[in-house]
Amino acid sequence: MSERAHLQKLVDDLVALLAVAPLSGDRFEGARIPPGAISGPDRVFGGQVVAQALAAATATAPEDRPAHSMHGYFLRMGDNAHPIEYQVARDLDGGTFSNRRVQAIQGGRPILSLSASFQRLETGLHHQDAMPQVPGPEGLPSDVEECRKELHRYPEALQATLGSPRPIELRTVERLRWLDPEPLPPVCHIWWRTPAPIHSDDPRLHRAVLAYASDLAMLRTAALPHAVSWFSDPMQEASLDHAIWFHDDFRADRWTLFVTRSTWAGRARGYTTGQMFQDGRLIASMTQEGLIRMLQPQGA
C-alpha cells in the first residue's frame with residue numbers, strides 16, 4: 001500500500017470510528033478499533049469517547065442546529081475490549097436551542113457524562129481574538145517525525161505507535177523535549193489536520209473530528225513549566241473534564257492552529273485553555289482540567 005493510500009485509510013478509519021450505530025430509542029453504540037490501530041494502548045482514547053458522545057447527541061438534534069457547545073466529565077477509563085453504549089436524553093427542543101445529555105456506558109457503568117447544546121443559525125454581533133503570528137505548518141516537522149529521531153529512547157512498547165503516521169497530524173511550533181524536559185512557558189502552538197481528505201462536507205462530522213483532536217495536546221501544556229513528562233518521569237495523567245465551544249464552521253482536513261495555555265496547576269491537577277484558528281478565524285475555544293499526579297517525589 002502506498003503512503004498516500006495508507007494515510008487515506010487512517011482518515012477513513014477515523015471517520016468510521018466516530019460514527020455511532022443506532023440501537024432502540026435514543027441509544028447508540030460506538031464503533032470499536034483493534035487495540036493499537038489508532039490510539040495505541042488498549043485503553044480508549046478520551047477524545048474518541050467525547051467525539052462519539054457528541055455524534056450520538058447530534059444524531060438526535062434537528063439537522064439545521066449545529067452544536068455550539070459541549071461539556072463532558074470523564075468518570076472512568078474505558079477499554080477497547082467492550083462496546084460503549086451512548087444513551088441520549090432530549091432535555092430541550094425550543095424555538096432556537098436544543099439540549100442533550102449523554103451517558104457513555106461500558107460494562108454497565110458510566111465512563112463519560114456529556115451535555116451538548118445546539119442552536120439554529122443566526123446572525124449577530126461579531127468580534128474575536130486575533131490569530132497569533134507564528135510560523136506556518138509548511139517546513140515544520142510533524143510530531144511523529146520528531147519522535148522518530150530518538151525513537152530508540154522511548155519505551156519499546158510505545159515505539160511502533162509513536163513512530164507511525166496517525167489520523168491526526170500534529171506539527172508543534174515549539175521544540176518540546178519530552179525525553180529531556182526543560183522548564184518552558186505554559187503555552188504551545190500546534191498545527192493540526194487530517195493527513196488525507198475527509199470525503200464529506202457535513203459540518204457535524206468535522207465537529208466530531210475536532211472534538212477527537214482537541215484531547216490530543218491540552219493537558220501536556222500544564223506540565224511544561226515543571227520540566228516533567230510522562231515519557232521521562234513516574235507520573236499519572238488523565239483528562240477529568242473537557243469543554244468545547246464551536247464558533248464557526250471549518251474543515252478538519254485543512255490546517256488549523258491550536259493554541260493552548262495553562263494558567264494554573266496544583267493539587268495534582270492542571271488547567272488548560274485552548275483556541276483553534278483556521279484561515280484567521282477563531283473557530284473553537286475549549287478548556288480542560290486533568291489529573292497530573294507525580295507517583296514519587298521529584299528527584300527521589
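Me: Is Gln106 buried or exposed?
Reply: This is a predicted model, in which local features need pLDDT of at least 70 and side-chain atom pairs count only at pLDDT 80 or more, while totals for chains, interfaces and linings use all residues. Residues are numbered from 1 along each chain as its sequence is written, and side-chain values use heavy atoms, with hydrogens and water left out. Buried means under 20% relative accessible area, exposed over 50%, and partly exposed in between, with a 1.4 Å probe and protein chains only. The relative accessible area of Gln106 is 8%, so this residue is buried.

Me: In which strand does Gln106 lie?
Reply: Strands are DSSP runs of E with at least two residues, helices are runs of H or I with at least four, and both are numbered from the N terminus. Gln106 touches Met77, Gly78, Asp79, His82, Pro83, Ile84 and Ile111, not counting residues up to four places away in sequence; contact means heavy atoms within 4.5 Å. The strand that holds Gln106 runs over residues 97–106 and is S5.

Me: How many helices and strands are there in the protein chain?
Reply: Contacts with a separation of 6 or more in the protein chain come to 72% from residues 24 or more positions apart. The secondary structure consists of six helices and 12 strands.

Me: What radius of gyration does the protein chain have, and why does it agree with a compact globule?
Reply: The radius of gyration is taken over C-alpha atoms, and the globule rule is 2.2 Å times the number of residues to the power 0.38. The C-alpha trace spans about 55 × 50 × 45 Å along its principal axes. For 300 residues a compact globule would have a radius near 19 Å, and the chain agrees because its radius of gyration is 19 Å.

Me: How far apart do the centres of the positive and negative side chains lie?
Reply: Lys and Arg count as positive and Asp and Glu as negative, while His and the chain ends are not counted. The place of a charge is taken as NZ of Lys, CZ of Arg, CG of Asp or CD of Glu. The protein chain has 30 positive and 35 negative side chains, and the distance between the centres of the two sets is 2 Å.

Me: Which residue has its backbone oxygen 3.3 Å from a polar atom of the side chain of Thr272?
Reply: Thr272 is in strand S11, residues 269–278, and is buried because its relative accessible area is 1%. Residues that Thr272 touches include Leu219, Thr260, Met286 and Gln288. A polar contact is a pair of N or O atoms within 3.5 Å; within protein, one must be able to donate a hydrogen and the other to accept it, and residues adjacent in sequence count only if both atoms are side-chain atoms. The backbone oxygen at 3.3 Å from the Thr272 side chain belongs to Met218.

Me: What is the value of phi of Asp279?
Reply: Most residues other than glycine have a negative phi. Asp279 lies in the loop between S11 and strand S12 (281–294), and counts as exposed because its relative accessibility is 52%. The phi of Asp279 is positive, near 55 degrees.

Me: Between which helix and strand does the loop with Ala227 lie?
Reply: Ala227 has a positive phi near 55 degrees. Ala227 is partly exposed because its relative accessible area is 23%. Its loop lies between helix H6 (218–221) and strand S9 (235–246).

Me: How far apart in space are Leu17 and Pro185, C-alpha to C-alpha?
Reply: Leu17 is in helix H1, residues 3–17, and is buried because its relative accessible area is 3%. Leu17 and Pro185 are 168 residues apart in sequence, and their C-alpha distance is 35 Å.
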